[in-house]
Amino acid sequence: MSTISERKDAHLALAAKPDMQYGHSSGFDDVQFLHNSLPELNLKDIDCSTTFLNKKLSAPLMISGMTGGTEKGAALNHNLAVAAEQAGIALGLGSQRPMLKDAKTLAHYAVRELCPSIPLIGNIGAVNLREYPLEKIEWLVSSIEADALAIHLNPLQEAVQPEGDTDFSGVFHAIGKVCEKLPVPVIVKETGAGLNAPAAQSLFDAGVKFVECSGSGGTSWSKIEYARGGEKKGGAANARLPPSGFEEWGYPTIPSLCECVSIGPTICSGGVRSGMDAAKGLALGATLCGAAQPFFVSPDPAKLAAEWREQIRTAMFLTGSKDLEQFSRAPVFITGRSAELMRLRGLDPSFYAMSAPLESPSNGNERSHYL
Ligand SMILES: Cc1cc2nc3c(=O)[nH]c(=O)nc-3n(C[C@H](O)[C@H](O)[C@H](O)COP(=O)(O)O)c2cc1C
């Protein structure tokens with residue numbers, strides 16, 4: 001087994017453990033809906049279906065990218081593909097870097113036949129883009145018939161991984177080149193440490209179509225890397241002693257999401273642990289909500305997605321929102337640490353508590369996300 005495969009299997013084993021989650025909150029518990037006692041809607045008519053990457057979804061949900069490159073990873077991708085198709089939600093695959101090292105591992109990611117109707121999203125690390133010609137990156141997408149490519153940003157994980165690649169210089173330029181040339185949309189995602197508005201702005205300027213904020217409060221990649229402790233067989237040639245103390249490093253999902261949605265289309269992820277969390281992300285303006293760990297540990301990911309869809313529909317009903325467009329304007333209160341962090345970043349939490357009606361007159365006094 002190669003060192004990358006060993007690392008991937010170790011990541012899977014560790015990510016299933018509850019103590020690999022952040023100790024601090026992603027902020028969903030700081031968010032509360034304004035209850036609507038007079039919804040004037042029939043719950044059975046409420047529709048949370050949507051279109052993403054030109055494909056219909058039964059709910060605005062996505063299984064965020066996780067794995068591949070090992071037999072275990074392949075089995076997981078196959079299970080998740082079947083579940084995502086059954087539930088009618090989008091599926092992200094894990095990093096396809098193993099395919100660039102060994103083309104035979106394509107079989108671990110080739111799940112299109114199992115999920116013909118849903119958006120399928122390829123995945124590669126931003127630091128890996130500089131190592132390979134663009135044709136190889138295009139092949140990652142075409143060989144699995146993906147509808148988009150997610151490029152992941154994981155500087156925290158690399159910084160605390162003994163054999164991590166800590167040279168992120170030139171990454172932004174490389175992302176821009178991929179956006180220019182790739183025939184499918186590019187999504188840039190964090191991996192649990194949270195994107196902020198200036199980063200999102202740069203990415204949209206470079207041609208990225210969606211960002212996935214993936215804030216802190218869910219899976220902690222620094223905890224996983226500390227627990228793994230580097231390669232066992234004598235270690236890699238470039239291994240270094242990573243600095244301790246970064247277990248709780250990261251920008252929580254709620255303020256991260258609010259920063260990103262003020263810039264462009266954003267997928268909310270990082271600590272989404274229920275359909276209620278997903279509903280809150282959607283009401284704050286997310287295009288979709290993604291989760292990784294819950295779908296990975298669930299014995300029945302399709303059932304889990306169906307439960308989350310019903311929670312989203314019920315929250316829509318109780319806010320008087322007949323569709324997702326209205327729901328994205330439902331009043332929500334953001335309090336506590338999330339509100340404090342937002343204010344310190346110049347964002348106005350009350351923007352979300354007094355959402356504008358759909359057809360607000362353009363009178364020059366439009367409300368702003370910012371204080
Ligand atoms: C087992 C596991 C493997 C992951 N591997 C990848 C990966 O290969 N590429 C990637 O972009 N993100 C990867 N992630 C990060 C997730 O996509 C997500 O951004 C992060 O886990 C936060 O979501 P969560 O709190 O719902 O787990 C992985 C997450 C898990 C749990």
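**Notebook: helix pair, barrel and one valine**

I started with helix 5 and helix 7, which are oblique to each other because their axes cross at roughly 60 degrees, and I note here that the model I am reading is predicted. The two axes come within 11 Å; helix 5 covers residues 134-142 and helix 7 covers residues 171-181. I also looked up the hand: helix 5 passes helix 7 in a right-handed crossing.

Which residues make the contact? On helix 5 I find Leu134, Ile137 and Glu138, and on helix 7 I find Lys177, Val178 and Lys181. Sorted by class, this contact has three nonpolar and three charged residues, with no polar ones. A reminder to myself: two packed helices are described by the angle between their axes and the distance between the axes.

**The barrel**

Eight of them close into a barrel, and I wrote the order down as 4-5-6-7-8-9-10-11, with parallel pairing. From one strand to the next the twist averages 30 degrees.

I checked a helix against this sheet too. Helix 10 (residues 253-261) packs on it and touches strand 9 (210-212) and strand 10 (266-268). The direction of helix 10 makes about 165 degrees with that of strand 10.

Then I went through some of the pairs, keeping in mind that strands of a sheet pair through backbone hydrogen bonds, either parallel or antiparallel.

- Strand 5 (residues 90-92) pairs with strand 6 (residues 120-125) in the parallel sense over two bridges. Leucine 91 stands opposite leucine 120 of strand 6.
- Strand 10 and strand 11 are parallel partners over two bridges. Isoleucine 267 has leucine 288 in strand 11 as its bridge partner.
- Strand 4 (residues 61-63) runs parallel to strand 11, and three bridges join them. Here leucine 61 stands opposite cysteine 289 in strand 11.

How do the residues of strand 11 point, and are they buried or exposed? Leu288 and Gly290 point one way from strand 11 (residues 288-291), Cys289 and Ala291 point the other way, and all are buried.

**One valine**

Last, I picked out valine 82, which lies in helix 2 (residues 71-87). Valine 82 counts as partly exposed because its relative accessibility is 42%, between the 20% and 50% cut-offs. I also looked up how far valine 82 is from tryptophan 308: they are 226 residues apart along the chain, and their C-alpha atoms are separated by 17 Å.

Definitions and conventions. Residues numbered from 1 in each chain as written. Predicted model: local features only at pLDDT ≥ 70, side-chain atom pairs only at ≥ 80, totals over all residues. Heavy atoms only, no water. Axes fitted to C-alpha atoms, helices over the stretch in contact; angles between N-to-C directions. Helix = DSSP H or I, 4+ residues; strand = E, 2+ residues; numbered from the N terminus. Parallel < 35°, antiparallel > 145°, perpendicular 65-115°, else oblique. Left-handed = near helix turned anticlockwise from the far one by under 90°. Contact = heavy atoms within 4.5 Å. Nonpolar A, V, L, I, M, F, W, Y, C, P; charged D, E, K, R; others polar. Buried < 20%, exposed > 50% of the residue type's maximum accessible area, 1.4 Å probe, protein only. Pairing = 2+ DSSP bridges.
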